[in-house]
Every structure is written in C-alpha cells, then in structure tokens.
Amino acid sequence: ECDWSSDVCSSDLKNTAGVLLVYLFSLTLSGIAISEGFNDNYVQLGYTTNDYKHDDNTRILSGSKELNNGLLVLGSYSYMTADWNDPGEYEEKTVKTISIGIGKAININPKTDFTSSLMYSDYDSKQICTNTDGSDCTSSYSDGGILKSDYYTVNFGIRHLVFTDLQVNAEYSLDRKGGLDPKTNTISIGAMKDVAKDIAIGLRASSYSKPDSDEAEIYIRRSF
C-alpha cells in the first residue's frame, strides 16, 4: 500500500488527477452527436502481434454502446501470451486485462468525428521461469512471478469516412500504469471495411514508447 503523505504518492495522485481533468475537459468541448455514418454499437474480436520481447500475441474481445449526445460506454477483455529465452532460462508470461470506460464522439463534419475515451484497466500478469536444465526458477522472483495492477488510458483520435463502407482513423493514447509508472504513449493508424451487412474487418498499426515496440492488429466487428 502507498503512504499518501510521501512525496512519491502525492506526485502520483496529482498525475492521476491531471489525466482525469484532461479527459473531462475534452467532454465539454461539444454536445453534438456522432456523424450519421458511424455506428458505435458493436462487439469486436481482435488479434494482435507485437515485436516487443515480453508481449507476443493478444486476443481482445471488446464492445461499445451508444448513449445520448455522442457518449459511449466501452469495455474489453484481453489475454496476452509471450515466451522468450534468457541466458540459462526459458520465460513464459500471460496477462489478463479487463477494461471499462466512457467515450465521446464529436462531429466535425458529416464524414469526420473527433473521438476521445477514458478507460480504467485491471491488469493481472503471471510469469513462469524455467532453467534450461529443467528446474523451476520462478521462486527467484520477489513476487513469485505474479503481478496485479491497474492503470488509466486516455485516448484522442480522428476518424473519417472515405466511402460509406470504408473508414480510416488515427489515435493518440496515454497510459498511466500501476503507481502511474511507467508512462506509455501510443500512436495508431487504422482502416475498417464493411464486408457484409453489419460485419466489418479492420486493420490497425500501433507504435509504443516505453517500451519502444510496434504492434499490428486485425479484427472483425459485428454492429447492431
């Protein structure tokens, strides 16, 4: 637990408040509803691959529900797996993350929206280490290889309808993780194409800082 009288925890509290204030300010920018061409009532199943050593592949189930005035309720569940070799050791890692949050879509013109969201995520990680001689080395971890944490993500983006069945988007995200450290920034670009009634397939490319890595995602979306 954290001693909130300490300088470190006081700084963390201020940083958290700053993240929340930035997002709340964005919600006040406009009360205009989303463009008619976008549908934010959906469920989505995605698969990502990442070139970071400790983050190989992730399966993501997510969804969104439109409320009044361009507000959205958002949620997701992800399951990440990774494995790698260190000198004399073989490492395996799994991460389960549950996220909930709210979003806002602001109409710029009939084909373009400004989007924003604030997400809270619960993070549950387990790492297993095995020596190459067959013995277990997980016990060498001070936490037994288990890490539980939470973090906030603020996201700002632009989406545009190129055609009635094709949209492109760009996003910028800021993560503030357990204890609000490390701070991660992400830039993403993507496109989504309707392939059948209420069914679309999308691609997304993302670049992360801290740690520096690149990620690619493919997903299928069912609108309702």
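Two strands pair here if DSSP finds at least two bridges between them, while strands themselves are DSSP runs (E, at least two residues; helices are H or I, at least four), numbered from the N terminus. The model is a predicted one, with pLDDT of at least 70 needed for local features and 80 or more for side-chain atom pairs, though totals for chains, interfaces and linings use all residues. Residue numbers start from 1 along each chain as its sequence is written, and side-chain values use heavy atoms, leaving out hydrogens and water.

**View 1. The barrel as a whole.** Ten strands close up into a barrel in the order β1-β2-β3-β4-β5-β6-β7-β8-β9-β10, with antiparallel pairing. On average, neighbouring strands of this sheet are turned by 20 degrees against each other, direction ignored (axes are lines fitted to C-alpha atoms, for helices over the stretch in contact; angles run from 0 to 180 degrees between N-to-C directions). Zoom in on β3 and strand β4 (residues 89-109) and you'll find 16 bridges holding this antiparallel couple together. One spot to look for: T81 has T94 in β4 as its bridge partner.

**View 2. β6 and its two partners.** On one side, β6 pairs with β5 in the antiparallel sense, over 15 bridges. Strand β7 (residues 166-176) also runs antiparallel to β6, and 11 bridges join these two. The turn from β6 to β7 is a hairpin of two residues. Y152 in β6 makes a handy landmark: Y120 stands opposite Y152, and Y152 stands opposite R176 in β7.

**View 3. A stacked pair of rings, F114 and F156.** The structure holds two aromatic pairs, and this one is stacked, with 6.3 Å centre to centre and 25 degrees between the planes. (Rings of Phe, Tyr and Trp, the last by its six-membered ring, pair if their centres lie within 6.5 Å; planes under 30 degrees apart are stacked, over 60 edge-to-face, and the rest tilted.) F114 sits in strand β5 (residues 112-131) and F156 in strand β6 (residues 146-163), so the pair ties together parts 42 residues apart in sequence. F114 is partly exposed, at 21% relative accessible area (buried is under 20%, exposed over 50%, partly exposed in between, using a 1.4 Å probe and protein chains only).

**View 4. Two arginines over rings.** R159 puts its charged end over the ring of F38, 4.2 Å from the ring's centre. R221 does likewise with Y42, at 3.7 Å from the ring centre. (To count, NZ of Lys or CZ of Arg must be within 6 Å of the ring centre and within 35 degrees of the ring normal.)

**View 5. The largest nonpolar core.** Six residues make it up: M80, A82, W84, V95, Y123 and Y151. (Such a core is a set of buried Ala, Val, Leu, Ile, Met, Phe, Trp, Tyr and Cys residues joined through side-chain atoms within 4.5 Å.) Strand β3 (residues 71-86) gives the largest share, three residues. Skip the neighbours within four places in sequence, and V95 is in contact (heavy atoms within 4.5 Å) with S78, Y79, M80, Y123, D124 and S125.

**View 6. The loop between β8 and β9.** D198 lies in this loop, between β8 (183-196) and β9 (199-209). Phi of D198 is positive, near 65 degrees, in a residue other than glycine. D198 is partly exposed at 32% relative accessible area. K197 belongs to the loop too, and K197 is exposed, at 71%.
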